[in-house]
Amino acid sequence: MADIIPVKTGRAYDIHLGRGILAETGRLAAGVARTRKAVIVTDTHVGPLYGARITASLEAAGFEAPLYAFEAGEASKNMRTLQALYRFFAQSDLTRADLVVALGGGVVGDAAGFAAATYMRGVDFIQVPTTLLAQVDSSVGGKTAVDLPEGKNLAGAFWQPRLVVCDPDVLDTLDDENFACGMGEVAKHACIRSRALYDRLLACGDIRAELPEIIAENVRIKRDVVEHDEREKGERMLLNFGHTLGHAIEKCLHYTGISHGAAVAAGMHLITLHAEQNGLTPPGTATRIDTLLKKYGLPTASPLPLEEVVHAALNDKKRAGGSIHLVLLKGIGDAFIHTVPVADLPAFFGLSA
Ligand SMILES: NC(=O)c1ccc[n+]([C@@H]2O[C@H](COP(=O)([O-])OP(=O)(O)OC[C@H]3O[C@@H](n4cnc5c(N)ncnc54)[C@H](O)[C@@H]3O)[C@@H](O)[C@H]2O)c1
Ligand SMILES: O=C(O)C(=O)C[C@@H](O)[C@H](O)[C@H](O)COP(=O)(O)O
Ligand SMILES: [Zn+2]
């Protein structure tokens with residue numbers, strides 16, 4: 001039985017969530033598409049696992065659906081892949097009225113979404129998320145982007161999908177490390193918005209057994225935030241909890257060797273530890289985060305010296321002129337924005353300028 005979660009952003013769409021719903025992709029896509037032509041974008045891990053199934057579903061609904069798979073991994077979320085996607089779209093005769101189908105994790109969703117947002121100044125796309133991270137976070141809300149050597153997600157666009165097809169069954173093939181990566185964003189949602197979710201995660205014996213429900217709860221948390229603040233003028237910044245340091249860690253490691261969720265996990269713990277030391281977050285909060293993250297196999301320390309990470313964070317996207325917006329916690333489930341002058345960021349982390 002599928003759950004339909006509506007998202008009322010400027011361009012509204014539905015998230016269809018249910019076990020086995022991948023096979024319904026063609027039928028659901030036909031309900032939003034203007035033509036029967038779609039380009040499937042995926043990666044070299046997901047293509048062999050689910051490419052044939054989604055192609056069959058789209059073809060059964062009358063779509064012509066060529067498929068392009070780029071090398072799996074964060075290191076592919078770049079301008080080179082973007083150009084390859086544009087060229088595949090052109091060679092496949094994709095028109096402005098056709099559809100892009102992003103089949104994969106957050107890397108595929110972000111890169112294919114940005115290609116769709118910019119090819120011919122905008123082609124419709126649908127998200128078919130296949131990682132926990134993509135199902136609970138990246139397929140919702142319309143942020144699309146690629147990384148630059150200078151920073152994470154620096155080239156991007158807000159481009160809402162026409163539809164999200166979310167099938168928890170595909171997570172059966174996801175390895176433990178990438179599952180844990182998704183748990184980083186789940187923990188983030190709990191930390192910023194839901195003490196009840198935090199308690200549930202801490203008490204839970206077998207998270208995989210509770211998945212459809214956990215995914216739906218997380219999707220609703222994110223959906224509510226983006227409906228209030230689609231273009232990140234205020235409240236949506238809270239979804240960046242842990243990302244100021246997390247993104248900096250990913251950049252310093254050249255987008256290899258650590259997953260996004262693991263980097264964010266370390267970022268959430270570290271910033272909370274320092275917020276406590278600055279008297280901005282109640283003592284004990286960082287320990288609570290540490291306990292939850294460790295339970296789900298996530299790191300809570302930086303793999304790099306803090307000086308290097310903080311320096312790399314100075315050009316974070318949450319900077320506005322000479323100030324930077326930090327996301328901190330008043331307690332578990334309650335986040336707020338704390339703005340500091342960029343020059344004071346090292347001192348916030350107990351470092352000299
Ligand atoms: N747009 C947003 O709002 C948003 C939100 C959070 C994260 N992100 C971005 O998402 C990216 C991380 O996403 P991710 O963790 O999904 O990484 P990913 O897309 O690289 O997927 C992780 C790995 O899992 C493999 N995989 C995917 N689905 C699988 C499946 N069902 N079975 C087996 N293997 C599978 C992939 O091929 C890859 O090797 C980062 O670039 C991050 O910046 C974006
Ligand atoms: O959707 C959002 O808003 C988020 O911040 C979700 C984050 O988990 C995600 O990593 C996002 O891509 C970060 O956005 P950025 O603007 O900091 O690049
Ligand atoms: Zn994230």
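**Entry 1: helix α3**

I note here that the model is a predicted one.

I then checked the length of α3 itself, residues 79–91. At 1.5 Å a residue its 13 residues should span 18 Å, and I found the end C-alpha atoms 18 Å apart, so the two agree.

Which residues of α3 are buried? I listed Thr81, Leu82, Leu85 and Phe89. These cover an arc of only 105° around the axis, so they sit on the same side of α3. Turned away from that buried side is a face with the exposed residues Arg80, Gln83, Arg87, Ala90 and Gln91.

I also looked up what the buried residues of α3 pack against: the strands β3 (38–43), β4 (67–70) and β7 (143–148), and the helix α4 (106–118).

**Entry 2: Val100 and the core**

I went to the largest nonpolar core, which has 109 residues. Val41, Val100, Val101 and Cys191 are the residues with the most contacts inside this core. Helix α10 (residues 260–277) gives the most to the core, 9 residues. Both domain 1 (3–173) and domain 2 (180–348) supply at least three residues to this core.

I took Val100 for a closer look. With its neighbours within four places in sequence left aside, Val100 is in contact with Val39, Val41, Ala112, Ala115, Ala116, Val123 and Phe125.

**Entry 3: the two domains**

I read the division of the protein as domain 1 (3–173) and domain 2 (180–348). Their C-alpha centres lie 25 Å apart. For the contact between them, I have 27 residues of domain 1 touching 26 residues of domain 2.

Which elements give two or more residues to the side of domain 1 that touches domain 2? They are β1 (3–7), β2 (13–17), α5 (132–138) and β8 (151–158). The largest share of that side comes from α5, with 5 residues.

**Entry 4: Leu298**

I found Leu298 in the loop between α11 (285–295) and α12 (306–313). Is Leu298 buried or exposed? I counted 24 C-beta neighbours inside 10 Å; the cut-off for buried is 20 or more, so Leu298 counts as buried.

Leaving out neighbours within four places in sequence, I have Leu298 in contact with Ala180, Met183, Gly184, Ala262, Ala265 and Leu293.

I looked at strands β11 (residues 323–331) and β12 (residues 334–341), which run antiparallel and are joined by 8 bridges. Gly331 stands opposite Asp334 in β12. The hairpin has 2 residues between the strands, and there Gly333 takes a positive phi near 95°.

I ended at Ala343, in the loop between β12 and α13 (345–348). I found 12 other C-beta atoms within 10 Å of Ala343; exposed means 12 or fewer, so Ala343 is exposed. I also looked up the separation of Ala343 from Asn240: the two are 103 residues apart along the chain, and their C-alpha atoms are separated by 21 Å.

Notes
Residues numbered from 1 in each chain as written. Chains lettered and ligands numbered in written order. Predicted model: local features only at pLDDT ≥ 70, side-chain atom pairs only at ≥ 80, totals over all residues. Core = buried A, V, L, I, M, F, W, Y, C linked by C-beta atoms within 7 Å. Helix = DSSP H or I, 4+ residues; strand = E, 2+ residues; numbered from the N terminus. Domains from an automatic or database assignment. Contact = placed C-beta atoms within 7 Å. Expected span 1.5 Å × (residues − 1). Arc of directions from axis to C-beta. Pairing = 2+ DSSP bridges.
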